[in-house]
Amino acid sequence: MVAEKEGCCPSKGRPPQFQEPLRQEKRHRKQVSDGFTIKAMMKNTVVKGPPAAGAFKERPTKPTAFRKFYERGDFPIALEHDSRGNKIAWKVEIEKLDYHHYLPLFFDGLCEMQFPYEFFARQGIHDMLEHGGSKILPVIPQLIIPIKNALNLRNRQVICITLKVLQHLVVSADMVGEALVPYYRQILPILNIFKNMNVNSGDGIDYSQQKRENIGDLIQETLEAFERYGGEDAYINIKYMVPTYQSCLLN
């Protein structure tokens, strides 16, 4: 019996110097905590970094009044197909439209990203700006909120379309560029965020330049158009909202 017990526990018969030491390791799990809290000052605590600001994050879209009016059939427009693609067939003469009613609704459709809403809104705006003449200037204050809402979506496609519309709007009639100057505080903050968003293609070919889809280049073109047609106060107001902008008129 004694031999069996000694066989079961061979370590008991060993000298003390050959016995294995008992390892008692305490593994401390580090806890994650927010900054500037009491928990953050405790031992074995890792402080989380600040969350992302989300300046370039796309915002969710909301139902637009343009879609509601289009589905209800309130617009005198239809889709026409020809050899060059799609275009709008106006059921009335564009010059006879009530610009105070229709132009803000079409600008509200800049937020749309689905066909046919985005096509009708974009093409309808360009058609009305081409034939608007003196009717455009009195409607400028009603266009600011739709333009601001479209830019605030931070969607690359919507921003490019809105910038092209702004460039067309500035040259569409006399005094329109100067009428936009008081509203730079609503329009330019988003342009300041995306101004340096250019595509670094190295020695490759950036085809977005040909399609005019490079946001950085479009913003630079738009700011130059604002300065060129905005009068003498345009540059100082642009510089206040976009500090990195350099004048295109200074020699």
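This is a predicted model: local features need pLDDT of at least 70, side-chain atom pairs count only at pLDDT 80 or more; totals for chains, interfaces and linings use all residues.

Biologist: Which residues of α3 are the buried ones?

Modeller: They are Y99, Y102, L103, P104, L105, F106, F107 and D108.

Biologist: What do the buried residues of α3 pack against?

Modeller: Their partners are the helices α2 (65-71), α4 (117-132), α5 (140-152) and α6 (156-171), together with the strands β3 (77-82) and β4 (85-90).

Biologist: And which residue caps the N-terminal end of α3?

Modeller: That is D98, which has a side-chain oxygen 3.3 Å from the backbone nitrogen of H100.

Biologist: Turning to the rings, how many aromatic pairs are there?

Modeller: The count comes to 13 aromatic pairs. One of them is formed by F75 and Y102, with 6.1 Å from centre to centre and 50 degrees between the planes, which makes the pair tilted.

Biologist: Why does the pair of F75 and Y102 tie separate parts together?

Modeller: F75 belongs to the loop between α2 and β3, whereas Y102 belongs to helix α3, so the pair links parts that are 27 residues apart in sequence. Both F75 and Y102 are buried.

Biologist: Which residues do the ring pairs link into a cluster?

Modeller: The cluster consists of F66, F69, Y70, F75, W90, Y102, F106, F115, Y117, F119 and F120.

Biologist: Which residues lie over the faces of Y117 and F69?

Modeller: R67 lies over the face of Y117, 4.2 Å from the ring centre. For F69 the residue is R72, at 4.8 Å from the ring centre.

Biologist: Now the strands. How do β3 and β4 run, parallel or antiparallel?

Modeller: They run antiparallel and are joined by six bridges. A hairpin of two residues connects β3 to β4. Within this pairing, I77 stands opposite W90 in β4.

Biologist: Let us move to the core. Which residues of the largest nonpolar core touch the most other members?

Modeller: In this core of 61 residues, they are F106, F107, M128, L169, L188 and F226. Helix α6 gives the most to the core, with nine residues.

Biologist: What is M128 in contact with, leaving aside its neighbours within four places in sequence?

Modeller: M128 is in contact with W90, I94, L97, Y99, Y102, L103, F106 and I136.

Biologist: I136 is on that list; where does I136 lie?

Modeller: I136 lies in the loop between α4 and α5. Its relative accessibility is 0%, so I136 counts as buried.

Biologist: What does I136 contact, with the neighbours within four places in sequence left aside?

Modeller: The residues are Y99, M128, L129, L169, S172 and V176. In the case of L169, the separation from I136 is 33 residues in sequence and 8.6 Å in space, C-alpha to C-alpha.

Biologist: One last topic: where is S247, and is it buried or exposed?

Modeller: S247 lies in the segment after α11 (234-241). Its relative accessible area is 16%, so S247 is buried, the cut-off being under 20%.

Biologist: Which residues does S247 touch, not counting those up to four places away in sequence?

Modeller: S247 touches E227 and Y235. With E227 there is a polar contact between the two side chains, at 2.3 Å.

Definitions and conventions: Residues are numbered from 1 along each chain as its sequence is written. Side-chain values use heavy atoms; hydrogens and water are left out. Helices (H or I, at least four residues) and strands (E, at least two) are DSSP runs, numbered from the N terminus. Buried means under 20% relative accessible area, exposed over 50%, partly exposed in between (1.4 Å probe, protein chains only). A polar contact is a pair of N or O atoms within 3.5 Å; within protein, one must be able to donate a hydrogen and the other to accept it, and residues adjacent in sequence count only if both atoms are side-chain atoms. Contact means heavy atoms within 4.5 Å. Rings of Phe, Tyr and Trp (its six-membered ring) pair if their centres lie within 6.5 Å; planes under 30 degrees apart count as stacked, over 60 as edge-to-face and the rest as tilted. A charge sits over a ring if NZ of Lys or CZ of Arg is within 6 Å of the ring centre and within 35 degrees of the ring normal. Two strands pair if DSSP finds at least two bridges between them. A nonpolar core is a set of buried Ala, Val, Leu, Ile, Met, Phe, Trp, Tyr and Cys residues joined through side-chain atoms within 4.5 Å.
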